[in-house]
Amino acid sequence: MEASTRIFEGEQAGLFYRARRADPPGAPTVVLLHGLGGDEKSMWVFEHALPPSWAVAAPRGLRAASPGGYSWAPRLGYAHLPDFDGAVRRVEPWLHAVVTQLDSDAGRTLWMGFSQGAALAFAAVLSGRAAIGLVSLAGFVPEGSTQRLPGLPVFWAHGRRDQDVPIERARADVDRLQSLGAEVEFCEADVNHRVGAPCLTALRAWLDRLSGGTPGVS
């Protein structure tokens with residue numbers, strides 16, 4: 001299937017989104033969740049780093065943010081787990097609705113988010129949503145859950161000069177995830193609130209290992 005014919009935009013379950021179909025059918029699904037002030041196109045810069053056969057779906061946030069873009073939570077800053085309840089409840093039926101268009105497997109989902117979107121990814125998994133792995137880019141773990149995450153593969157990229165989510169918060173959250181049983185690969189780079197080139201390279205390698213080392217994931 002030509003790459004250009006695989007990518008499309010639409011609306012399902014009240015959420016606008018951009019997506020890439022699986023090729024071949026039955027591949028895993030990557031859910032891309034933008035940060036505060038982003039939209040369904042903001043995370044598409046990472047689409048080329050994902051396994052080429054996998055489906056990709058990037059929804060737009062629930063509410064308008066100031067000065068522009070969209071947000072997943074009513075609270076700014078370090079939103080807590082309950083602040084994401086509405087978003088988790090909206091994303092789940094959206095994913096089930098869109099997966100038939102993606103020709104992918106909704107039961108094999110990689111959650112990947114930037115900043116607030118990463119917190120939503122954690123909220124989804126901590127709320128019991130299925131996951132083959134999770135990618136946090138300059139993100140944080142929302143407070144409010146002690147659910148175990150035994151063996152969950154997590155890749156975390158963070159900037160040492162991040163002033164929005166300080167590196168100290170990221171390191172503490174990684175320690176917390178490991179105490180809950182997650183298997184975390186943590187990459188630091190000398191950048192601010194973005195993903196540094198060394199961590200993007202490390203992400204690709206981590207995804208290659210996940211693709212080749214997880215039963216049923218290819």
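This is a predicted model: local features need pLDDT of at least 70, side-chain atom pairs count only at pLDDT 80 or more; totals for chains, interfaces and linings use all residues.

Residues are numbered from 1 along each chain as its sequence is written, and side-chain values use heavy atoms, with hydrogens and water left out.

**Stop 1: Tyr17 and Trp94**

The whole structure holds six aromatic pairs. Rings of Phe, Tyr and Trp (its six-membered ring) pair if their centres lie within 6.5 Å; planes under 30 degrees apart are stacked, over 60 edge-to-face, and the rest tilted. Select Tyr17 and Trp94. Their ring centres are 5.9 Å apart and the planes stand at 70°, so this pair is edge-to-face. Tyr17 lies in strand S2 (residues 15-20) and Trp94 in helix H2 (residues 85-102), 77 residues apart. Helices (H or I, at least four residues) and strands (E, at least two) are DSSP runs, numbered from the N terminus. Both Tyr17 and Trp94 are buried. Buried means under 20% relative accessible area, exposed over 50%, partly exposed in between (1.4 Å probe, protein chains only).

**Stop 2: Trp156 and Phe186**

Select these two next. Trp156 and Phe186 are an edge-to-face pair, 6.4 Å centre to centre with 80° between the planes. Colour by accessibility. Trp156 is buried at 0% relative accessible area, whereas Phe186 is partly exposed at 28%.

**Stop 3: Arg169 over Tyr78**

Show both side chains. The charged end of Arg169 sits over the Tyr78 ring, 4.4 Å from its centre. The test is NZ of Lys or CZ of Arg within 6 Å of the ring centre and within 35 degrees of the ring normal.

**Stop 4: H2 against H3**

Select H2 and helix H3 (residues 116-126). Their axes come within 10 Å and cross at roughly 75°. Axes are lines fitted to C-alpha atoms, for helices over the stretch in contact, with angles from 0 to 180 degrees between N-to-C directions. Which residues make the contact? Ala87, Val88 and Val91 of H2 meet Leu120, Ala123 and Ala124 of H3. Contact means heavy atoms within 4.5 Å.

Now keep H3 alone. Here 11 of its 11 residues are buried. Finish just after H3, at Gly128, which takes a positive phi of about 100°.
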